[in-house]
Amino acid sequence: MQTKAVLSQADVTQVLDAAQKEADSNGWAVTIAVADDGGHLLALRRLDGAAPFSADVATQKARSAAVGRKETQVFEEMINGGRTAFVSAPLQGLLSGGVPIIVDGQVVGSVGISGVKPDQDVQVAKAGVSALA
């Protein structure tokens, strides 16, 4: 039988806090979503000024990064590169800003960010992930 690491609530709080620190230091109003390895939401934090719409988008980015086992930027680049059929994949949140959390080579969860430019969403997500490094 295999064993795997899972995110604790303390881990989730560390990720949220690190991502918020990055967003706050840049003056970015974003929503931060953290999901488990199956893409199920563990926590959501919508910062002051973040659009309500960003809550759903961040959640879907986190889900897609978890179940896709890769950064959602890969999916966006695939679609923009001409593989438009991928738009019909049974996933939402195929935009940059979803980053998996990997421990010992296994995806244990993910972070999804929405609210600013794509590269800024990714920057905030990676800051959250780095809290567990």
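The largest pocket holds about 190 Å³ of space in this predicted model. Its lining is formed by Gln-2, Thr-3, Lys-4, Ala-5, Asp-37, Arg-69, Val-103, Asp-104, Gln-106, Val-107 and Val-108. Sorted by class, the residues lining the largest pocket comprise four nonpolar, three polar and four charged ones. Strand β4 supplies the largest share of this lining, with three residues.

Strand β4, which spans residues 106–114, also contains Val-111. Val-111 has a relative accessible area of 0% and is therefore buried, since the cut-off for that class is under 20%. When neighbours within four places in sequence are set aside, the contacts of Val-111 are Val-15, Ile-32, Ala-33, Ala-62, Gly-97, Gly-98, Val-99, Ile-101, Ala-125 and Val-129.

Glu-77 belongs to helix α3, which covers residues 72–80. Is Glu-77 buried or partly exposed? Its relative accessibility is 47%, so Glu-77 counts as partly exposed; this class lies between the limits of 20% and 50%.

For each of these two residues, a C-alpha separation from a partner elsewhere along the chain is tabulated below.

| Residue pair | Separation along the chain | C-alpha distance |
|---|---|---|
| Val-111 and Lys-126 | 15 residues | 8.1 Å |
| Glu-77 and Leu-95 | 18 residues | 8.6 Å |

Notes
Residues are numbered from 1 along each chain as its sequence is written. This is a predicted model: local features need pLDDT of at least 70, side-chain atom pairs count only at pLDDT 80 or more; totals for chains, interfaces and linings use all residues. Side-chain values use heavy atoms; hydrogens and water are left out. Helices (H or I, at least four residues) and strands (E, at least two) are DSSP runs, numbered from the N terminus. Buried means under 20% relative accessible area, exposed over 50%, partly exposed in between (1.4 Å probe, protein chains only). Contact means heavy atoms within 4.5 Å. On a 1 Å grid over the protein atoms alone, a cavity is a set of points where a 1.4 Å probe fits but cannot get out, and a pocket is an open set with protein on both sides within 12 Å along at least five of seven lines; lining residues have an atom within 4 Å of a point. Grid points are joined across faces, edges and corners, and a volume is the space filled by probe spheres set on the points. Ala, Val, Leu, Ile, Met, Phe, Trp, Tyr, Cys and Pro count as nonpolar, Asp, Glu, Lys and Arg as charged, and the others, Gly among them, as polar.
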